[in-house]
Amino acid sequence: MHKELDESVQECLRRGYAIDQGEGIEGIHCIAAPILDEYGQPLAAITAMAPVARMPESAFDSFAELCTEAARDIQQRMRE
């Protein structure tokens, strides 16, 4: 079990965002991107979630891009 979790965390770090394909709530997909503090440590996250019909796997890249852009924008505003 720990190996699967470690692999999942490493995949999230590599991608820069996390994906939940109904593991948390059946029938719901989520994409989350971290908001990092000035030291690069996670401070918060921004997420998009929707029913599978509105967020099919084919849309993950688009949703991930929106979430990561929003997270970067928030990070930038926090440093101003």
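Author: The account below begins with the strands and then turns to the helix, the core, the pocket and some single residues.

This is a predicted model, in which local features need pLDDT of at least 70 and side-chain atom pairs count only at pLDDT 80 or more, while totals for chains, interfaces and linings use all residues. Residues are numbered from 1 along each chain as its sequence is written, and side-chain values use heavy atoms, with hydrogens and water left out.

The sheet is open and consists of three strands in the order β1-β2-β3, with antiparallel pairing. Strands (E, at least two residues) and helices (H or I, at least four) are DSSP runs, numbered from the N terminus. Two strands pair if DSSP finds at least two bridges between them. In general, the strands of a sheet pair through backbone hydrogen bonds, either parallel or antiparallel. Here β1 (18-21) and β3 (42-51) stand at the edges; each has a single partner strand, so one side of each is left without a neighbour in the sheet. Neighbouring strands are turned by 20° against each other on average, direction ignored. Such angles run from 0 to 180 degrees between N-to-C directions, and the axes are lines fitted to C-alpha atoms, for helices over the stretch in contact.

The pairing of β1 with β2 is antiparallel and runs over four bridges. Within it, Ala18 stands opposite Ala32 in β2. These two strands form a hairpin with six residues between them, and Gly22 in the turn has a positive phi of about 85°.

Strand β2 (residues 28-36) also pairs with β3 in the antiparallel sense, over nine bridges. Cys30 has Met49 in β3 as its bridge partner, Ala32 stands opposite Thr47 in β3, and Leu36 has Pro42 in β3 as its bridge partner.

Contact means heavy atoms within 4.5 Å. Thr68 lies in α2, which spans residues 60-79, and counts as buried because its relative accessibility is 17%. Buried means under 20% relative accessible area, exposed over 50%, and partly exposed in between (1.4 Å probe, protein chains only). Not counting residues up to four places away in sequence, Thr68 touches Gly16, Tyr17 and Ala33. Gln75 is also found in α2 and is buried, with a relative accessible area of 11%. Leaving aside neighbours within four places in sequence, Gln75 is in contact with Pro34, Ile35 and Leu36.

The largest nonpolar core has eleven residues in all: Tyr17, Ile31, Ala33, Ile35, Ala48, Ala50, Met55, Phe60, Ala64, Cys67 and Ala71. A nonpolar core is a set of buried Ala, Val, Leu, Ile, Met, Phe, Trp, Tyr and Cys residues joined through side-chain atoms within 4.5 Å. The elements that give two or more residues to this core are β2, β3 and α2, and α2 gives the most, with four residues. Ile31 has contacts beyond four places in sequence that include Tyr17, Ala48, Met55, Phe60, Ala64 and Cys67.

The largest pocket holds about 190 Å³ of space. Its lining consists of Cys12, Leu13, Gly16, Tyr17, Ala18, Ala32, Pro34, Leu36 and Pro42. On a 1 Å grid over the protein atoms alone, a pocket is an open set of points where a 1.4 Å probe fits, with protein on both sides within 12 Å along at least five of seven lines; lining residues have an atom within 4 Å of a point. Grid points are joined across faces, edges and corners, and a volume is the space filled by probe spheres set on the points. The elements that give two or more residues to this lining are α1 (2-15) and β2, and the largest share, three residues, comes from β2.

Lastly, Pro51 is placed in strand β3 and counts as partly exposed because its relative accessibility is 37%. Pro51 touches Gly27 and Ile28, not counting residues up to four places away in sequence.
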